[in-house]
Amino acid sequence: MTQYIAGALSDRLDRRLVLTAFTFLAALCALLLLAATHKVMVMACAAAFGAFALPIYALAVAQIQDTVDEGERIATSGGLLILNGFGSFIGPLVIGGMSLWWGDASLFITLTLVHLLIGGIYLFRLFARLMKPAAA
């Protein structure tokens, strides 16, 4: 359901802004999952995390498709799928390794840190483009 909301927002607002907001909100929800103690709170935070995290890939693909030439779109989509597959493979290995330091909380700590990192990169790129002087 939030895929539709994210798509509608990204059609009306700057897609990079929507992508950044969803990424930081997913990080916040992952962080709240660390603190959740009541079953209802855990379920609500997990649902909110999924609602914000799942549309990120679709928003990123749409953003990239807006910026590449028409002849490069298929190759770009293929590269994104490979990158997504790599992340799906390496993610559990990293989280498993982190569990040596952080124990059971490693999943949520890692999700929070990764989403903060990605959100920071999006934010940097958003402001870098806004600060770029207009061509004369």
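Which residue does the side chain of arginine 16 meet in a salt bridge? Aspartate 14 is the partner, at 2.8 Å from N to O. The legends below begin with that pair.

The model is predicted: local features need pLDDT of at least 70, side-chain atom pairs count only at pLDDT 80 or more, and totals for chains, interfaces and linings use all residues. Residues are numbered from 1 along each chain as its sequence is written, and side-chain values use heavy atoms, with hydrogens and water left out.

**View 1. Arginine 16 and aspartate 14 form a salt bridge.** A salt bridge here is a side-chain nitrogen of Lys or Arg within 4 Å of a carboxyl oxygen of Asp or Glu. By this rule the model has three salt bridges. Arginine 16 is buried at 19% relative accessible area. Aspartate 14 is partly exposed at 32%. Buried means under 20% relative accessible area, exposed over 50%, and partly exposed in between (1.4 Å probe, protein chains only).

**View 2. Asp11, Arg15 and Asp66 make up one salt-bridge network.** Arginine 15 bridges to aspartate 66, with the closest N and O atoms 2.1 Å apart. This pair links distant parts of the chain: arginine 15 lies in helix α2, aspartate 66 in helix α4, 51 residues apart. Helices are DSSP runs (H or I, at least four residues), numbered from the N terminus. Arginine 15 also bridges to aspartate 11, at 3.4 Å between the closest N and O atoms. Arginine 15 is buried, at 14% relative accessible area. Aspartate 11 is exposed, at 61%.

**View 3. The largest nonpolar core has 14 residues.** Such a core is a set of buried Ala, Val, Leu, Ile, Met, Phe, Trp, Tyr and Cys residues joined through side-chain atoms within 4.5 Å. Leu19, Phe22, Ala26, Phe49, Ile56 and Leu59 have the most contacts inside the core. Elements giving two or more residues are α2 (15-35), α3 (39-53) and α4 (55-67). Helix α2 gives the largest share, seven residues.

**View 4. Alanine 26 touches Phe49, Phe52, Ala53, Ile56 and His115.** Contact means heavy atoms within 4.5 Å. Residues up to four places away in sequence are not counted.

**View 5. Met1, Tyr4, Ile5, Leu9 and Leu13 form a nonpolar surface patch.** Patch members have over 30% relative accessible area and no salt bridge; nonpolar side chains (Val, Leu, Ile, Met, Phe, Trp, Tyr) are joined within 5 Å. Together these residues have about 600 Å² of accessible area, by the Shrake-Rupley method with a 1.4 Å probe. Leucine 9 sits in helix α1 (residues 2-12). Leucine 9 is partly exposed, at 33% relative accessibility.

Notes:
Patches are made of residues with over 30% relative accessible area and no salt bridge: like charges are joined within 9 Å, nonpolar side chains (Val, Leu, Ile, Met, Phe, Trp, Tyr) within 5 Å.
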